[in-house]
Amino acid sequence: MRKVKTFQARKKETRDKIELGGLVVKAGLRTEMRSLLLGALIDLRKRLEVDDGERQRLTAIGEEAFGKDDA
């Protein structure tokens, strides 16, 4: 049973990573250096911890970008 859970957990983790990579591509950042992307994400995490308005602003931008896919 443990092998099944491990396999399922790895499968879910792989799926999550693929989806997150797709977000980088969708944002037009495919050609940016990985260190820049990681730095930006770390900075974002820190800003979100202290500024809920920033979370709301960025969520609205993301929702708009996803909505353009439906058009």
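Student: Which element gives the largest share of the lining of the largest pocket?
Tutor: Helix H2 does, with eight residues. Please note that this is a predicted model, in which local features need pLDDT of at least 70 and side-chain atom pairs count only at pLDDT 80 or more, while totals for chains, interfaces and linings use all residues. Residues are numbered from 1 along each chain as its sequence is written, and side-chain values use heavy atoms, with hydrogens and water left out.

Student: What counts as a pocket?
Tutor: On a 1 Å grid over the protein atoms alone, a pocket is an open set of points where a 1.4 Å probe fits, with protein on both sides within 12 Å along at least five of seven lines; lining residues have an atom within 4 Å of a point.

Student: What volume does the largest pocket have?
Tutor: Its volume is about 960 Å³, where volume is the space filled by probe spheres set on the grid points, which are joined across faces, edges and corners. The lining of this largest pocket has 22 residues, and the closest to its centre are Leu 23, Val 24, Ala 27, Leu 41 and Leu 44. Helix H1 (2–26), helix H2 (34–50) and helix H3 (52–70) are the elements that give two or more residues to this lining.

Student: How many of the lining residues are nonpolar, polar and charged?
Tutor: There are 16 nonpolar, two polar and four charged residues in the lining. Here Ala, Val, Leu, Ile, Met, Phe, Trp, Tyr, Cys and Pro count as nonpolar, Asp, Glu, Lys and Arg as charged, and the others, Gly among them, as polar.

Student: Let us change topic. How many helices and strands are in the chain?
Tutor: The chain has three helices and zero strands, and its pattern along the sequence is α-α-α. Helices (H or I, at least four residues) and strands (E, at least two) are DSSP runs, numbered from the N terminus.

Student: What is the radius of gyration of the chain?
Tutor: The chain has 16 Å, whereas a compact globule of 71 residues would have a value near 11 Å. This radius is taken over C-alpha atoms, and the globule rule is 2.2 Å times the number of residues to the power 0.38. Along the principal axes, the C-alpha atoms fill a box of roughly 45 × 35 × 25 Å.

Student: And what share of the residues counts as buried?
Tutor: Of the 71 residues, 3% do. Buried means under 20% relative accessible area, exposed over 50%, and partly exposed in between, with a 1.4 Å probe and protein chains only.

Student: Is Glu 54 buried or exposed?
Tutor: Glu 54, in helix H3, is buried because its relative accessible area is 12%. Leaving aside neighbours within four places in sequence, Glu 54 is in contact (heavy atoms within 4.5 Å) with Arg 47 and Leu 48.

Student: Why does Lys 17 count as exposed?
Tutor: Lys 17 counts as exposed because its relative accessibility is 53%. This residue is found in helix H1, and its C-alpha atom is separated by 23 Å from that of Arg 47, 30 residues apart along the chain.
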